[in-house]
Amino acid sequence: MIGQQLLRARKSARLSLREFAQRTGVSHTAIDKYEKGVLTPSSRQLIDFAKVLGVRGEFFFRPMKVEITGVEYRKKASIGQCLLNRVHGEVLDQAERWQELLSLYPDSPIEPFSVPANLLGEIREEGQIEPFAEGLREAWSLGLNPIPALIYTLESKGIRVIATGAVEQREFDSVAGKVDGVPLIVVGRDWNGDRQRFTLAHELAHLLLDGRVAPELIETPRVPHKRGDLLERLCNRFARAFLMPRQAVVAHLGARRRQLLPNELLLLKHKYGLSMQGCLFRALDSQVIDAASHQQLCRLFSQRDWRRQEPGVSYPPEEIILFKQLVFRALGEELLGESKAAELLGIPLARFHRERKLEAMGATAH
C-alpha cells in the first residue's frame, strides 16, 4: 500500500526518481525498492517524503479502493505524460477522500445521477439541442435565471466534480469519466470561472448526449464535419444554451439586431458566467444576429487579442462547497472526529479548529 501511494504521489509531483532522491537525501535505489514494496520506509522517512510531496502523512496509509473508468482527457496536443500523471494522481486522491467521507453516512446524502425522463430521446437536428438544454433546466427546476453555482448544482445531482491545481489556464481542457460508477468531471482550480463553467456544461452534454445523436443528424448550417468534431460542436452549443437560455438572450439583446457592442457581451458575461465569445455565439444561435454580424465581431476579437484574454475583470472561479459542507455535517452528526475531518479536508488540525470557530473568516472580514 505504502509503495503504491509513494509512487503515485511522486508522479503527481512531477518528480523523477533521481529528483526525489536529491530532495529527500535517500538514494534513488532505495526509493525504487520502497515503491515496489521490497522495502518499507521508516516513520521519519515518511514524514520527510510527505513534506517534499506536499501530502499529509496519512496519505501513505489510505487504502486504494477507488476505480476510475472511461476516462477521457480533452487536452492540448502538447500535453506530456508527466502532467497527465499529476492530474490523474490528484483525481485519485480527491476521489478517495470522497469515497471515505460518503462511507461514514448510513445513507448517501447525495442522490445518484440519473438522466431526466423528459429529455428528447434522439437528436436528429442540430437545432434540437436548444429544447434539449431547456428540458434539462426544466427538469432541474433552474428556470431562466443565471446558474449562480454550477459546480454545486452538478454535485447535488450526483455528478462528482474535482478541481485540480495541476494545470494552468491554457494547458488543459478537461477530464471526464466515472469513479466507482459515478460521473466525474475534472476542471482547473485556478481557471477563470467562465472557462470552468463552460467546461462543466460541455462535459455534462457529453454525458447526456451519449447514444442520443442520430447517425443521419441534420447540421445547421449544412457544413460537412467529422463525426467527432460534430459531437464537440453539439456539446458546445448545449453548454451555451444551458448556461444562457434563448429567452434570456432575446430579453437582454432584443429579438433582432444588426450589430452588437462588445460592452453588451461583457455585461452578459458577468451576469451568466459565459465568456464574451460564448455570449456572441449565443446571439448567433438565437438568431439575434446573422452570420455576417457574428463574423464582424469575431474579427474584432482577433484584432484585439480577446480570444486569448478578454477585456475587463475575469469572472471568478467557482469553489467546491459540497465536500466541505458534508465534512462539517458528518462532524455535527458525530460520524467523525475533528482529526479525521481535518485529514479529509487536507488541512492542519489547528487550521481546522480556527475554521470551525469561524476565526479565520472573522480575521478576513477585518
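Trainee: In β5, which residue is the bridge partner of Thr 164?

Mentor: Gly 188 of β5 is the bridge partner of Thr 164. This is a predicted model, in which local features need pLDDT of at least 70 and side-chain atom pairs count only at pLDDT 80 or more, while totals for chains, interfaces and linings use all residues. Residues are numbered from 1 along each chain as its sequence is written, and side-chain values use heavy atoms, with hydrogens and water left out.

Trainee: What makes β3 and strand β5 (residues 182-188) a pair?

Mentor: Two strands pair if DSSP finds at least two bridges between them. β3 and β5 are joined by 5 bridges and run parallel, so they qualify as a pair under that rule. Arg 160, for instance, stands opposite Leu 184 in β5. Strands here are DSSP runs of E with at least two residues, helices are runs of H or I with at least four, and both are numbered from the N terminus. On that basis the protein chain has 17 helices and 6 strands.

Trainee: Why is β3 described as largely enclosed by the rest of the structure?

Mentor: Buried means under 20% relative accessible area, exposed means over 50%, and partly exposed is in between (1.4 Å probe, protein chains only). Since 5 of the 5 residues of β3 are buried, the strand is largely enclosed. In a regular strand the side chains alternate between the two faces of the sheet. In β3, Arg 160, Ile 162 and Thr 164 are buried on one side, and Val 161 and Ala 163 are buried on the other. β5 is mostly covered, with 6 of its 7 residues buried. Over the protein chain of 366 residues, 46% count as buried.

Trainee: What makes Ala 239 buried or exposed?

Mentor: Its relative accessible area is 0%, so Ala 239 is buried. Ala 239 sits in helix α9 (residues 227-243). A contact means heavy atoms within 4.5 Å. Leaving aside neighbours within four places in sequence, Ala 239 contacts Phe 198, Ala 201 and His 202.

Trainee: How do you know whether Pro 262 counts as buried or exposed?

Mentor: Pro 262 has a relative accessible area of 17%, so it falls on the buried side of the cut-off. Pro 262 belongs to helix α11. Beyond its neighbours within four places in sequence, it is in contact with Met 276, Leu 297, Leu 300 and Trp 306. The C-alpha atoms of Pro 262 and Leu 297 are 8.1 Å apart, although the two are 35 residues apart along the chain.

Trainee: What is noted about the phi of Ser 141?

Mentor: Most residues other than glycine have a negative phi, and most peptide bonds are trans. Ser 141 has a positive phi, near 55°. Ser 141 lies in the loop between α6 (129-139) and α7, and its relative accessible area of 66% makes it exposed. Gln 287 also has a positive phi, about 65°, and lies in the loop between α12 (276-285) and α13 (291-303). At 56% relative accessibility, Gln 287 is exposed.

Trainee: How do you know how many lining residues of the largest pocket are nonpolar, polar and charged?

Mentor: Ala, Val, Leu, Ile, Met, Phe, Trp, Tyr, Cys and Pro count as nonpolar, Asp, Glu, Lys and Arg as charged, and the others, Gly among them, as polar. The lining divides into 20 nonpolar, 7 polar and 14 charged residues.

Trainee: Where is confidence lowest in the protein chain?

Mentor: pLDDT is the predictor's confidence in each residue, from 0 to 100. The lowest mean is 53, in α17, and the highest is 97, in helix α11 (residues 262-272). α17 is one of the elements that supply at least two residues of the pocket lining. The chain average is 86, and 90% of the residues score at least 70.
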